[in-house]
Amino acid sequence: MSIWWSLHLRREAASVPLARRLLVGAMETAGVDPDVSYDLSLALSEACANAVEHGGDASTADYRVTAFIDGDTCRIEVTDSGPGLPRGRHARALATHSARAPQPACQAPTHQARQSVTSRDTPLAEHGRGLFLIEELTDRVRFRDRPGRDGTVVTFDKILKWRDDAPFMAS
């Protein structure tokens, strides 16, 4: 079975917990393992917070969240209308995130690709930890400019685990 939903949200801080609660409710209803739901909800919160903070100027009032559960995979996309991906050193950090090959949850992440990331772009920096969290909590992450328009699309996938009593468990 497949489940799909999309939200158009105002670029306001109150939209972040709303998106998170809707995702958690859908995951719980579908029978997804609570630990997996938690990881996805935290990754979604970080992506939404970035869209609220960086997703446009005063004339840009909204952003979009789309989630798909198809078989054993959940894919989430957060799309904003901001200036797009940053250039320069932040772009190198984003490229590092995008290029990293997905790794099984039981395997420790490879940090060799992060050597070009500056100290400001590390998980200990005051800002910018959200991208690292999304990367660590999901199986695959992609950051790209919105095609043909201003904005950024953050897409992340996670392989789902199911509760024993899951009504929508993939076969």
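Predicted model: local features only at pLDDT ≥ 70, side-chain atom pairs only at ≥ 80, totals over all residues.
Me: In what order do the elements of the chain run from the N terminus on?
Reply: The chain has four helices and five strands. From the N terminus, their order is β-α-α-β-β-α-α-β-β.

Me: Which element gives the most residues to the largest nonpolar core?
Reply: The largest nonpolar core has 36 residues, and among those touching the most other members are Leu-40, Leu-44 and Val-65. Elements giving two or more residues to this core include α1 (15–30), α2 (34–54), β2 (62–70) and β5 (152–159). The top contributor, with eight residues, is α2.

Me: Is Thr-66 buried or exposed, and why?
Reply: Thr-66 lies in strand β2. Its relative accessibility is 7%, and buried means under 20%, so Thr-66 counts as buried.

Me: Which side chain does the side chain of Thr-66 join in a polar contact of 3.2 Å?
Reply: Setting aside neighbours within four places in sequence, Thr-66 is in contact with Trp-4, Trp-5, Ser-6, Arg-75, Ile-76 and Glu-77. The polar contact of 3.2 Å links the side chain of Thr-66 to that of Ser-6.

Me: What percentage of contacts between residues at least 6 apart in sequence join residues at least 24 apart?
Reply: One residue with contacts beyond four places in sequence is Val-65, which touches Trp-5, Leu-44 and Ile-76, among others. For the chain, among contacts between residues at least 6 apart, the share joining residues at least 24 apart is 68%.

Key
Residues numbered from 1 in each chain as written. Heavy atoms only, no water. Core = buried A, V, L, I, M, F, W, Y, C linked by side-chain atoms within 4.5 Å. Buried < 20%, exposed > 50% of the residue type's maximum accessible area, 1.4 Å probe, protein only. Contact = heavy atoms within 4.5 Å. Polar contact = N/O pair within 3.5 Å; in protein donor to acceptor, adjacent residues only side chain to side chain.
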